[in-house]
Amino acid sequence: MKWWKYLTIVLLLYTAVMGLLGHVPRLAILNETERNLYFHVPMWFGMTIILLASVINSIRYLREPSTRLDTLAHESAKTGILLGVLGLLTGSLWARYTWGTWWTTDVKLNCAAITMLIYAAYLVLRGSVQDEQQRARLSAIYNIFAFAAAIPLLFIMPRVASASLHPGMGGNPGFSKYDLDSAMRLVFYPAVIGWTLLGVWITEVACRFAFVKEKIYEKQEKQLA
Amino acid sequence: MKNKKNNWLSRAFALLLPLLLLAGTALAQATAAATADQPEMADALRASGKIYVVVLVIVIIISGLLLYLVRLDRKVSRLEREVEGR
């Protein structure tokens with residue numbers, strides 16, 4: 001096993017223990033739920049990084065087509081979508097107990113949901129094309145569109161909006177208050193790295209499995225020929 | 001090969017140690033702070049020590065999931081060797 005996999009294990013166990021036992025500032029409304037910062041927020045960090053890896057592989061595919069690059073882009077997108085869905089679910093649960101509702105028409109929430117729908121369409125597109133090369137090329141082009149739409153939706157739209165319940169957006173100072181807390185940073189940054197590495201790990205295993213499967217099929221075809 | 005693996009493992013733990021120490025100091029400072037007239041936190045859960053039950057449950061779940069991923073990783077590695085070897 002590669003070294004960064006041990007690092008993932010260490011960082012995630014550290015996050016679980018220190019995320020619950022570490023110091024957090026006493027804040028009204030949020031109370032202990034602010035510990036969700038170590039679990040909910042890293043999902044979005046991980047998703048963005050892995051979707052970036054996906055779109056890079058899609059661009060590489062278009063420059064020089066190969067099954068390998070298509071698999072890398074596809075598996076990365078799947079892991080990114082998984083992390084995004086977990087982010088939405090945890091965010092919704094957190095909102096229920098701090099804002100009093102599962103969902104509001106908040107710009108940050110709706111834009112995140114639209115992003116997930118755009119990426120869901122990526123999987124639908126892949127599933128609807130039979131020819132392998134055509135599927136790879138179409139989905140690579142769509143992936144560029146999806147990423148180009150996701151970045152403004154996630155990072156620009158909420159900041160342009162005048163008001164938002166979600167911390168760190170639209171002049172809501174909530175987030176900077178914990179950001180300044182050095183004890184929370186000491187758990188938050190390792191948590192982001194740990195959860196992102198877990199996403200990378202899952203993607204790596206999924207890709208290697210797909211490569212092996214491809215090789216076995218190739219061998220079977222050769223034997224038949 | 002085995003030595004190389006252990007080497008990386010010890011490096012990973014060497015990295016974790018200063019983090020835990022720093023966080024430990026922060027924890028000690030926090031408990032010392034006065035709690036009156038401040039937003040309500042789960043102080044009773046911490047005082048009774050039941051919080052450690054929650055910590056252990058989450059550690060067991062994360063360990064179990066990671067162990068499963070490690071085993072999957074190894075299975076794929078074995079399959080790779082088998083396919084490449086012939």
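Two residues are in contact if their C-beta atoms, placed from the backbone, lie within 7 Å. The model is predicted, so local features need pLDDT of at least 70 and side-chain atom pairs pLDDT 80 or more, whereas totals for chains, interfaces and linings use all residues. Residues are numbered from 1 along each chain as its sequence is written, and chains are lettered from A in the order in which they are written.

**Exercise 1.** Determine how many residues of chain A are in contact with chain B, and which element gives the most.

*Solution.* Step 1: 33 residues of chain A contact 34 residues of chain B. Step 2: the elements giving two or more residues to this side of chain A are α1 (3–21) and α7; helices are DSSP runs (H or I, at least four residues), numbered from the N terminus. Step 3: α1(A) gives the most, with 13 residues.

**Exercise 2.** Classify the orientation of α2(A) relative to α7(A).

*Solution.* Step 1: α2 (residues 40–63) and α7 (residues 182–224) of chain A pack at about 45°, their axes 8 Å apart. Axes are lines fitted to C-alpha atoms over the stretch in contact, and angles run from 0 to 180 degrees between N-to-C directions. Step 2: angles under 35 degrees are roughly parallel, over 145 roughly antiparallel, 65 to 115 roughly perpendicular and the rest oblique; α2(A) and α7(A) are therefore oblique to each other.

**Exercise 3.** Identify what covers the buried residues of α4(A).

*Solution.* Step 1: buried residues (20 or more other C-beta atoms within 10 Å of their own C-beta, placed from the backbone) of α4(A) include A:Leu109 and A:Tyr119. Step 2: the cover includes α3 (67–98) and α5 (132–160) of chain A.

Definitions and conventions
A residue is buried if 20 or more other C-beta atoms lie within 10 Å of its own, exposed if 12 or fewer, and partly exposed in between; C-beta atoms are placed from the backbone.
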